Amino acid sequence: AASASSSSWAGSSSSSGSGSGSGSGSGSRRIEDQKVTIEDVNTADKELNESTHLEAIKHASKVEVLMLVAIAAIIRVSGKETTKFEAVMERMTKIDRQMRKTEHNRYKAPSHAEVSA
């Protein structure tokens, strides 16, 4: 999904003018000639906020959100794409204890930055 977002953004910015004509053919442009328009920003924002997986996360139960956060934390630390269920349960327990200590009784869905980090 990330590569699709990147390619659509790159496509919209590269099609927004031909630059100063210093390219060496095949549509290549210098980085200095590329500009980000408000349309590019709006398109990127729409792609980030309206993705199917983020909508699913926003509507997930508290336990599902806690599990997803635990899995993301384990993957971020380990660098591996897989983990054991026991490790997820341990991380969920640690997160739950932290939340109770700081009196945050509510879990909320992670933001796009938290999911993709």
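1. A salt bridge is taken here as a side-chain nitrogen of Lys or Arg within 4 Å of a carboxyl oxygen of Asp or Glu. The model is a predicted one, and a search of the whole structure on that criterion finds 1 salt bridge.

2. The pair in question is formed by the side chains of Lys-58 and Glu-55, with an N to O distance of 3.6 Å. Both residues belong to helix 3, which covers residues 52–58, and they are 3 residues apart, or about one turn of the helix.

3. Turning to helix packing, helix 4 (residues 62–78) packs with helix 5 (residues 85–101) at an angle of about 110°, and their axes are 9 Å apart. Since angles of 65 to 115 degrees count as roughly perpendicular, the two helices are therefore roughly perpendicular to each other, and the crossing of helix 4 and helix 5 is right-handed.

4. On the side of helix 4, the contact is made by Val-63, Leu-66, Met-67, Val-69, Ala-70, Ile-71, Ala-73 and Ile-74, and on the side of helix 5 by Phe-85, Ala-87, Val-88, Arg-91, Met-92 and Ile-95. By residue class, the contact of helix 4 with helix 5 comprises 13 nonpolar residues, no polar ones and 1 charged residue.

Note on methods:
Residues are numbered from 1 along each chain as its sequence is written. This is a predicted model: local features need pLDDT of at least 70, side-chain atom pairs count only at pLDDT 80 or more; totals for chains, interfaces and linings use all residues. Side-chain values use heavy atoms; hydrogens and water are left out. Axes are lines fitted to C-alpha atoms, for helices over the stretch in contact, and angles run from 0 to 180 degrees between N-to-C directions. Helices (H or I, at least four residues) and strands (E, at least two) are DSSP runs, numbered from the N terminus. Angles under 35 degrees count as roughly parallel, over 145 as roughly antiparallel, 65 to 115 as roughly perpendicular and the rest as oblique. A crossing is left-handed if the near helix is turned anticlockwise from the far one by less than a right angle, and right-handed if clockwise. Contact means heavy atoms within 4.5 Å. Ala, Val, Leu, Ile, Met, Phe, Trp, Tyr, Cys and Pro count as nonpolar, Asp, Glu, Lys and Arg as charged, and the others, Gly among them, as polar.
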